[in-house]
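Keep the sequence and the model side by side. The text below goes through the structure one part at a time.

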Amino acid sequence: MPPKDKIYPTPKNPKETKKVLLRLLSYLSKEKKLLIIVFFLILISIAANVGSSYLLRPIINDYIMPGNIPGLIKMLFILGGIYITGIIASLIQYRILNKVGGRTVAKLRADLFSKMETLPIKFFDTNKHGELMSRYTNDMDRVSEVLTETLSDMFSNILSFIGIFILMVYISPLLTLTTIIVFPLMVFIAQKVVKKSRKFFKGQQKVIGDENGYIEEMISGQKVIKLFSREKIAEEEFDKYNEELRGIAEKAQLYSGMMMPLMQNMNTLNFVFVTIVGGLLAIFKGLDIGGLAAFLQYSRQFGRPINEIANQYNTLQAAIAGAERIFNIIDQVPENANDTKSPVKFENGIKGEIIFNDIYFGYNPEEPVLKGISLHAVPGKKIALVGATGAGKTTIFNIMPRFYDAQEGEILVDGISQDKIDRSILRKSMAIVLQDTHLFTGTVMENIRYGRPEATDNEVIEAAKLAAAHSFISRLPQGYQTELNDDGSNLSQGQRQLLNIARAAVADPPVLLLDEATSDVDTRTEILIQKGMDKLMEGRTSFVIAHRLSTVQNADEILVLENGKIIERGSHAELLAKKGKYYNLYTGQFD
Ligand SMILES: Nc1ncnc2c1ncn2[C@@H]1O[C@H](COP(=O)(O)OP(=O)(O)OP(=O)(O)O)[C@@H](O)[C@H]1O
Ligand SMILES: [Mg+2]
């Protein structure tokens, strides 16, 4: 399993939480006008809500008690009007927030994706893909929920609470005092519960990420799992994640769910208490019956905003945990962070001279993989890299287009230091056919054209012919218009290789890097590709990695790599004459 979450420790203290929240809110700043409208709509609906309860007082005192039926009907209409106004205001409010929230999350998602596109290969090598995915799904959902609902609900609950409180005091300060005796207790309990559930919600999100990462790995590795009959073990491992998630989700739910009944019971208790005291006040202190009725209504409503706020606070916490994880990626250093401000753009194109001067590189700086590599590729010449597995051949390819940067030494392209060259120009000048091919969902045509979107259909077909891919493509059901599944799983490995080569051919770059490009095809196809390759390599600087030495014989220079060092170099004939490592490899003698 890849290392877990190394890059982003999650900040935990309240100060960080506040920072994340403010940052999330800053995403809303473009929507100021709409938010001001929402603010007023909330005021209207709260006023309608709280005010309508207050109307009970005049309705009872002035119309019901004296038995004024026409007046009562009039009042009921007014009451109905107020209710309807409140409902309409809150409907519009939700509609607006829905839009605002949707837009904001879309922006956040776009930011996340565009940031991801700037991150170095290292980032993707060291993070679980499913775990990254869950930031787009689970974490975004949480944030979306908060932006469209929770924040405004919290705000209206706070307003309700204040409104209710004011009216309660207005009706009877003494009764209010009675009510709020229980209040600190409620707040205390709410705080305790919220604190607990916050912890679990945060953990829950993390576990969901891990579990998604695991699922992703298991989906892409199904074949290997089945081949080695690891289904049971995979299941057991999954059960561990699942069990962990169940446990933590259960606790998170438990604490947030506990809130409701706890608060309700206390509310009921409170209600009984207030009714008794209120009754006494009405009998002995002349509290009006309408006032008492309105007050009782309020005292029931009084607790609701508090426990709703507590619940919403939980949701907010989960969203903040999600936002934190999203921002953690948005804050990753892009790969071009330290690039020069005015990179060389090679207006006249790159010729393709590549020089390595004493390059040292390790994926982990403490463990060098390349140790003092020097080479000189003359434009248009072919250099072959051979050597045992793990010698560092692919690694040389990784640093040429700056997927990784060397720690020491310099790489010159047409005499210019690699790090002074515009990254995209540098990469456009090199086509790489990697050991592990990758194809995108789409047609064969689109896949070959990937490297140069403006290429015509004819150019694509020419490239396919060059790569010896044309004949098999013609035999596909829809030819060039055949849709490929994810990663071309409906093609054979060799066919995938051929498409990757065609893609490199159509890109028409001055430098070509071929890593084991012909390892998966049959002998006849291999000869075809070889011919195509030779044509493709004509006039380009090419680097070829091949395990079968027969395919590298015609290289202008062969570099023999061992353990990150070049131990022999020369032409095929020279190296054979030397009777060294290459000779041993070639003749099949191993030491
Ligand atoms: N992404 C990576 N992160 C960390 N270490 C890596 C990474 N890729 C390769 N390595 C290490 O670097 C060393 C050289 O790997 P490299 O891929 O260059 O070998 P290679 O010569 O291409 O081998 P092969 O012939 O098997 O393709 C290996 O020891 C490998 O463990
Ligand atoms: Mg390799």
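Two strands pair if DSSP finds at least two bridges between them. With that in hand, start at a turn. S4 and S5 form a hairpin with two residues between the strands. There, aspartate 414 takes a positive phi near 50 degrees. The model is a predicted one.

The pairing of S4 with S5 is antiparallel and runs over two bridges. Leucine 412 stands opposite serine 417 in S5. On to strand S1, residues 354–361, which is joined to strand S4, residues 408–413, by five bridges. These two strands also run antiparallel. Isoleucine 354 faces valine 413 in S4. Asparagine 357 has glutamate 410 of S4 as its bridge partner.

These strands belong to an open sheet of four, in the order S2-S1-S4-S5, with antiparallel pairing. Which strands stand at the edges? They are S2 (370–377) and S5 (416–417). Each has a single partner strand, so one side of each is left without a neighbour in the sheet.

A second hairpin is made by S11 and S12. Two residues lie between its strands, and asparagine 563 takes a positive phi near 55 degrees. Five bridges hold S11 to strand S12, residues 565–570, in the antiparallel sense. S11 also pairs with strand S3, residues 382–387. That pairing has five bridges too, but the strands run parallel. Alanine 384 stands opposite isoleucine 558 in S11. In S12, the bridge partner of isoleucine 558 is glycine 570.

Strand S6 covers residues 430–433. In a regular strand the side chains alternate between the two faces of the sheet. Are the faces of S6 buried or exposed? Both are covered. Met430 and Ile432 are buried on one side, Ala431 and Val433 on the other. S6 pairs in the parallel sense with strand S9, residues 511–515, over four bridges. Isoleucine 432 has leucine 513 of S9 as its bridge partner.

Now turn to the ligand. Ligand 1 is surrounded by Asp125, Tyr363, Val369, Thr389, Gly390, Ala391, Gly392, Lys393, Thr394, Thr395 and Gln435. Which element gives the most to this shell? Helix H11, residues 393–399, does, with three residues. By class, the shell has three nonpolar, six polar and two charged residues.

Next, the domains. The domain assignment gives domain 1 as 20–199 + 256–330. Domain 2 is 352–429 + 511–591, and domain 3 is 438–508. The C-alpha centres of domain 2 and domain 3 lie 25 Å apart. Their contact takes 11 residues from domain 2 and 10 residues from domain 3. On the domain 2 side, helix H17, residues 523–537, gives the most, with six residues. That side of domain 2 has six nonpolar, two polar and three charged residues.

The helices come last. Helix H4 runs over residues 69–116 and has 48 residues. From its first C-alpha to its last, H4 reaches 69 Å, close to the 70 Å expected at 1.5 Å a residue. Which residues of H4 are buried? They are Gly86, Ala89, Gln93, Leu97, Val100, Gly101, Thr104 and Leu108. Their cover includes H2, helix H6 (129–171) and H10.

Take H10 from that cover. Helix H10 spans residues 289–330, 42 residues in total. Its first and last C-alpha are 60 Å apart, close to the 62 Å expected at 1.5 Å a residue. H10 is mostly covered, with 31 of its 42 residues buried.

H2, residues 32–54, is where lysine 32 has its place. Why does lysine 32 count as exposed? Lysine 32 has 9 C-beta neighbours inside 10 Å, so it counts as exposed.

Conventions. Residues are numbered from 1 along each chain as its sequence is written. Chains are lettered from A and ligands numbered from 1 in the order in which they are written. This is a predicted model: local features need pLDDT of at least 70, side-chain atom pairs count only at pLDDT 80 or more; totals for chains, interfaces and linings use all residues. A residue is near a molecule or strand if its C-beta atom, placed from the backbone, lies within 6 Å of it. Ala, Val, Leu, Ile, Met, Phe, Trp, Tyr, Cys and Pro count as nonpolar, Asp, Glu, Lys and Arg as charged, and the others, Gly among them, as polar. Domain bounds come from an automatic or database domain assignment. Two residues are in contact if their C-beta atoms, placed from the backbone, lie within 7 Å. The expected span of a helix is 1.5 Å times one less than its number of residues. A residue is buried if 20 or more other C-beta atoms lie within 10 Å of its own, exposed if 12 or fewer, and partly exposed in between; C-beta atoms are placed from the backbone.
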